[in-house]
Each structure stands twice: as C-alpha cells, then as structure tokens.
Amino acid sequence: MLLKKIHLIAWRNYPTCEFRPHPELNFVVGGNATGKTNLLEAVYYLCTGESWRAGREDELINWDAERAELVGLLARDGYETRVTATIERGGRKRLTLSGRQVGKQVIRHAVGAILFTPWHLNLVQGPPHERRHYLDIELGSSHLQYSRSLEQYHRALHHRNACLREVASGRAGQALLEVWDEQVAAYGAKVLVYRLQLLRSFCPLAVRFYRDLTGGAETLGLRYASTVEFGGTDTEELLVRKLRSGLRVRRHEDLLRGATTVGPHRDELVILIDGRSARSYASQGQQRTIVCAFKLAELEMHAARKGRRHVMLMDDVLSELDPEHQQYLLRALVGKTQVFITTTQSFTLDGFKSRAGLFELQGARLREV
Ligand SMILES: Nc1ncnc2c1ncn2[C@@H]1O[C@H](COP(=O)(O)OP(=O)(O)OP(=O)(O)O)[C@@H](O)[C@H]1O
Ligand SMILES: [Mg+2]
C-alpha cells in the first residue's frame, strides 16, 4: 500500500494542503500546534474511514468551514485507487473508494493503517484491560468470528454477574447459575483459543523486533497469564472443562463479590524486559521501544493475512529515544512499508537521504525541504 497524494480541504487547522509523500520514510517536522497530528489523522481517516481521537466527526471540520474533504490517491496491488472522505456539519459523512460509496469497514479492510500514538504507551504502563483490549480489538479485529465470540462472551458474563447478585440475595436459585456457567465457559474457551492463536504469531515477531530495536542488548518476554491453567496443546473442549471447573471452584467467592473472577476477562498479557516486569520497571524509552516492537509485529501479522502491508503512522514516536535508538527504529522501518513520522525535533536525514522525505510545517503550511 502506498499513499501517493492526499489533498486536505478545510480539515482541522488546514484551509487547504496538498501532500505528496515519499514512498518510504516521511518526516513531518514542526513546532507544537502546527498541525502534525492533524495531518496524520487525515491520512489515518483516509485509510480507515474514521479518526482515532475525534469524539464527534464535526471536530474534524475547520472552524471556519461547513464541510471538510479529503481526497487521496493510493497505489494498491499495482492499481491506483482514489479514496475520498467528506464530512459535513451535523455529522453527515460520505466515503468513497474508486468512485463507489462505501462504509468504513470496507475502507478499513481494503486499505488499513497501523497507528502509533503516545497514548499507546498505556499498553505497557496501563492496567491489564489495556493489553486485553489491544489483543481483542487492535490485533483481533479483522477476525469476524473472534469479534462475535467476544461479544457473546461479554453478554454471558454480564448475565452471570447479574445472576450471582440474584442468587446472593436469595431471589434466584443456584440452578440458574449453572446455565450461565455453561455459557461463560463455552464462549470463554473460544476467546481463549483465539487469543492464544493470535499470540502464537504475535509474540515471536514482537520479541524479534524488540531485539532489533535495542541492537540486541535487551530481551523482551511475553507471557499470557490466565485464570485457568492451560497447556500449549489444549483443545477448545478441554478449555471449556477447565473454565467450567474454575467457575465452580470460585463460585462461593464470586457470590460474595457479585462478580465473576475466572475467565479471559481477568487474564493478563505480562510484558517482561530481561525477565522483569515492564509495567513496573521499564523506562520511558523502553516503553516506547516495546510499543514500536508491537506495532512492527502488527504490521507483519496484517501483511501475512492480507498479502500486503499497511502504511505505518507514528505520531511523536522519536521523543524519549536517544539517537542510537532512533536509528535502530528507522532501520527497522525502512523498506518495510510507507511510514509517516511526526516530530518536533529538528531532524537530519543522515543515512536515509535517498529513502526519505522531510516536510516542514509552519502554521498549517507544509513544505518539502
Ligand atoms: N477543527 C479545527 N479547526 C481549526 N483548528 C483546529 C481544529 N481542530 C484542531 N485545531 C487546531 O489545530 C492545531 C494543531 O493541532 P495538532 O494536534 O495537529 O498539533 P501538533 O502539530 O500535533 O502539535 P503537538 O506538537 O503539540 O502535538 C491546534 O492548535 C488545534 O487547536
Ligand atoms: Mg501532535
């Protein structure tokens, strides 16, 4: 996938802007509030049909305008494709791909992008649900069956929790709880199977990229810590049995708490650097490097599934990385896919001159240097 051109009209702080990116590395350099993230957001919107940060689509329209427009030219599987997005005040939006109006799922499926933002550092520092969300939504979202099982699992869980409170207060008998135990175990096992399958592809890639990004100096470890004990060859049926028995063992405690304490909604992806918890000990730079390794792994997983690579969008990825680690990162990225990196730091293209474009932003005006 290659973005050849994007035209922004009344998008955020841009009255109008035409951007012809380099096919490999693109650096967008500018001071605070010049429009770096807004530009990345425009590229992301064209590739996925949505923003990762706008609460309402209205926010994307320039304050002085009534509608925002993006027009992009992509090269995909040897063909040039036109993608457009129009957003009108009041929230009406229209996306087209090759002249045909489509929904955002179609855009995401046909185009797609991998995104790094400083918010992703929560993946390392944040509570376990951030990492579960990453597994389920960012890595797993293109498996329709997975999304469905997750939804069914959460529904079953919700019913079981409500039932626990009913039983505890004497309004329902334990027999009803058996029904929800079955459902939670059945869907929970499906979720577990999918997660373990995802991790079998993801972990070796992330570990390898982390090694590259630290020049071999540090080792990343990833461990899936589950509320049920599992072995590498467990079948779905066996996992159902293990979850069922786990639920039975914890029933008394669950009744006291009014919440289910066994199942994949309580599992954790533990991240280790040289054997120590990254959540507790990783430095700022190490946290960034972990997330970069995750994003590179994500890129490869999508490529293996779809046969082509997404563009990589990295907002403010270089800060907190020393020059050596910045070089490791750029070396890992160059040649893989088209990359967009925003930064406030002045930048020289040493070593990457022929493989990169440097763009300077000043008050929403973009200039190639
Ligand atoms: N709908 C809009 N219309 C006009 N201006 C907007 C709109 N939405 C955001 N802005 C402005 O665009 C400016 C640039 O925002 P952006 O987030 O792109 O900055 P940035 O270059 O990434 O800065 P930083 O280095 O601080 O992250 C901000 O001052 C913001 O207020
Ligand atoms: Mg920004």
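**Figure 1. Helix 1 in the shell around ligand 1.** Helix 1 (residues 36–48) contributes 3 residues to the shell around ligand 1, the largest share. The model shown here and in the following views is predicted. In total, 15 residues surround ligand 1. The closest of these are Asn 13, Asn 32, Lys 36, Thr 37 and Asn 38. Sorted by class, the shell comprises 9 polar, 3 charged and 3 nonpolar residues.

**Figure 2. Helix 4, residues 128–139.** The 12 residues of helix 4 reach 16 Å from the first C-alpha to the last, close to the 16 Å expected at 1.5 Å a residue. Buried positions in helix 4 are Arg 131, Tyr 134, Leu 135, Asp 136 and Leu 139. An α-helix has 3.6 residues a turn, so residues three or four places apart point the same way.

Figure 3. The chain contains 11 helices and 15 strands. Its C-alpha trace spans about 70 × 50 × 35 Å along the principal axes. Of the 369 residues in the chain, 40% are buried. Among contacts with a separation of 6 or more, 71% join residues 24 or more positions apart.

Technical notes. Residues numbered from 1 in each chain as written. Chains lettered and ligands numbered in written order. Predicted model: local features only at pLDDT ≥ 70, side-chain atom pairs only at ≥ 80, totals over all residues. Helix = DSSP H or I, 4+ residues; strand = E, 2+ residues; numbered from the N terminus. Expected span 1.5 Å × (residues − 1). Buried ≥ 20, exposed ≤ 12 C-beta atoms within 10 Å, placed from the backbone. Contact = placed C-beta atoms within 7 Å. Near = placed C-beta within 6 Å. Nonpolar A, V, L, I, M, F, W, Y, C, P; charged D, E, K, R; others polar.
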